[in-house]
Amino acid sequence: MSFTTFQLGGIHPPERKELVAASAIEEMKSPQKVIIPLSQHIGAPCKASVEVGQEVKAGQVIGAPEGFVSAAVHSSIGGKVAAFESVLMPIGRMVPAIVVERPANRQDEAWHPAQDDKDYLKRSPDELKSRIKAAGIVGMGGATFPTHVKISPPKEKPIDAVIINGAECEPYLCADHRVMLESPEPVIEGLKILMTVLGVSKGYVGIEANKPDAVERMLEAAKGANIEVRTLQIKYPQGAEKMLIKSILDREVPAGGLPMDVGVVVQNVGTAYAIYEACRYGKPLIERVVSVTGGGVNNPKNLRVKVGTPISQLIESCGGLKSSAGKVISGGPMMGFAFFDLNTPVTKGTSGIVVLEDKDATGNDKYYNCIRCGRCVEACPMGLMPLMLSLYSEKGHYADAKDYKLFDCFECGSCTYVCPANRPIVQQIKLAKTQVKP
């Protein structure tokens, strides 16, 4: 059977999803201490709205957005503000954070809904959008773009399609897969809310063919709605927005453009779930599902965890690291970042923790000169020439890299994966982007 896909480039890395694909989501015990970064999103960081020593409740706003492109942050546990500090994020950036601690003798005070608005779909688009904004929801697939901004396109960019991204094409990760299996109705309801906000009559869900059980559950949940569930060919990076739009709608986002330029909004499965909870119950984004997996962790699991929980506690909940563990990655192995410090907290965009065994972890090996084999060109889903981008960056000729559409690269890593010379192509491209303006 042939499935929908994009035509240009793409690769097939080992999936390794069998480690947690059949593992039901477990609720992780609420931590005594959380570290809540004030910048967990693209855009302006939040400004702290609490003081050291102040008592806060679970779900209380502790950081207010400081601009249109920003998102509020909330305390994920009840307790006392213990400190303000800086925390090193996996991308290598220090950001301000608020530490909230719950006294050892106090029981966990979980967040409880103050409302159950069963008629949420009858609310106005502005009302629904305000609930999404108040909940501090961002893209939970890793992009972390504030959702209330994404669903507020300018009038000259009308939207006629909403796609829920259930591809989860990164190897190892299964968080979205499990959410679709265990909670298909809330995800579909989240899609309906997005369609209501944007005035769209047709919605889509794209799921890779390696999740037939999720396809079945989502089809059942979408019955009676004008929502189409598409099965996608297994090919990385199928879940990238531009690839997904091409696969499902055969529309091509222009160079330097956004999905709204072709009338589309794409949201991830976890985001749709959070949107449903925000619009029905008023729940802020204070927890999420994280796959903790890989050959270097003793008992891989899918965990529902509080935002701000240190990564070390997730690993501990999964039986700890094996002696063979070689690298711990935030996100998937293709686009993720290696952790420097396991006390780094879970954020809204943490989709997975992958622990690679030492034999599978690369990055310290020597790389060689480009042999012009063209494999990176063949693999690039954007039709670029990664070898040229890499070579110019390596020589420090960053401006020349712009002639080869440097900023069209979305850093999927396919080029680096296939390079026989072991060249750090995507890392060199990232470096070039920091040295010149688009």
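Modeller: On a 1 Å grid over the protein atoms alone, a pocket is an open set of points with protein on both sides within 12 Å along at least five of seven lines, and its lining residues have an atom within 4 Å of a point. This is a predicted model, in which local features need pLDDT of at least 70 and side-chain atom pairs count only at pLDDT 80 or more, while totals for chains, interfaces and linings use all residues. Residues are numbered from 1 along each chain as its sequence is written, and side-chain values use heavy atoms, with hydrogens and water left out.

Biologist: Which element supplies the largest share of the lining of the second largest pocket?

Modeller: Helices (H or I, at least four residues) and strands (E, at least two) are DSSP runs numbered from the N terminus. Two or more residues of this lining come from each of strand S15 (325-330), strand S16 (337-338), helix H12 (414-418) and helix H13 (425-435). By class, the lining has 16 nonpolar, 8 polar and 7 charged residues, where Ala, Val, Leu, Ile, Met, Phe, Trp, Tyr, Cys and Pro count as nonpolar, Asp, Glu, Lys and Arg as charged, and the others, Gly among them, as polar. The largest share, 3 residues, is supplied by H13.

Biologist: How much space lies in the largest cavity?

Modeller: A cavity is a set of points where a 1.4 Å probe fits but cannot get out, and the whole structure holds 3 cavities of 30 Å³ or more. In the largest cavity, 16 residues form the lining, and Met140, Gly270, Tyr273, Glu287 and Arg288 lie nearest its centre. The space in the largest cavity is about 190 Å³.

Biologist: Which element gives the largest share of the lining of the largest cavity?

Modeller: This lining has 9 nonpolar, 1 polar and 6 charged residues. At least two of its residues are supplied by each of H3, helix H7 (269-281) and strand S13 (287-293). The largest share, 4 residues, comes from H7.

Biologist: Which residues of helix H5 are exposed?

Modeller: Buried means under 20% relative accessible area and exposed over 50%, with partly exposed in between (1.4 Å probe, protein chains only), and the buried residues of H5 (residues 212-221) are Ala214, Val215, Met218 and Ala221. These cover an arc of only 130 degrees around the axis, which puts them on the same side of H5, the arc being that of the directions from the helix axis to the C-beta atoms. The cover over the buried residues, by contact (heavy atoms within 4.5 Å), includes helix H3 (175-182), helix H4 (184-198), strand S10 (203-208) and strand S11 (227-232). On the other side of H5, the exposed residues are Pro212 and Glu216.

Biologist: Which residue of strand S12 is the bridge partner of Asn165?

Modeller: All 5 of the 5 residues of S12 (residues 264-268) are buried, so this strand is largely enclosed by the rest of the structure. Both of its faces are covered, with Val264, Val266 and Asn268 on one side and Val265 and Gln267 on the other. Strands pair if DSSP finds at least two bridges between them, and strand S9 (residues 161-166) pairs with S12 in the parallel sense over 5 bridges. The bridge partner of Asn165 in S12 is Asn268.

Biologist: Which residue of strand S8 is the bridge partner of Ala83?

Modeller: The order S2-S8-S7-S4, with antiparallel pairing, describes an open sheet of 4 strands. Strand S2 (33-37) and strand S4 (55-56) stand at the edges with a single partner strand each, so one side of each is left without a neighbour in the sheet. Strand S7 (residues 79-88) and S8 (residues 94-101) pair in the antiparallel sense over 8 bridges. In S8, the bridge partner of Ala83 is Val99.

How values were computed. Points joined across faces, edges and corners; volume = space filled by probe spheres on them.
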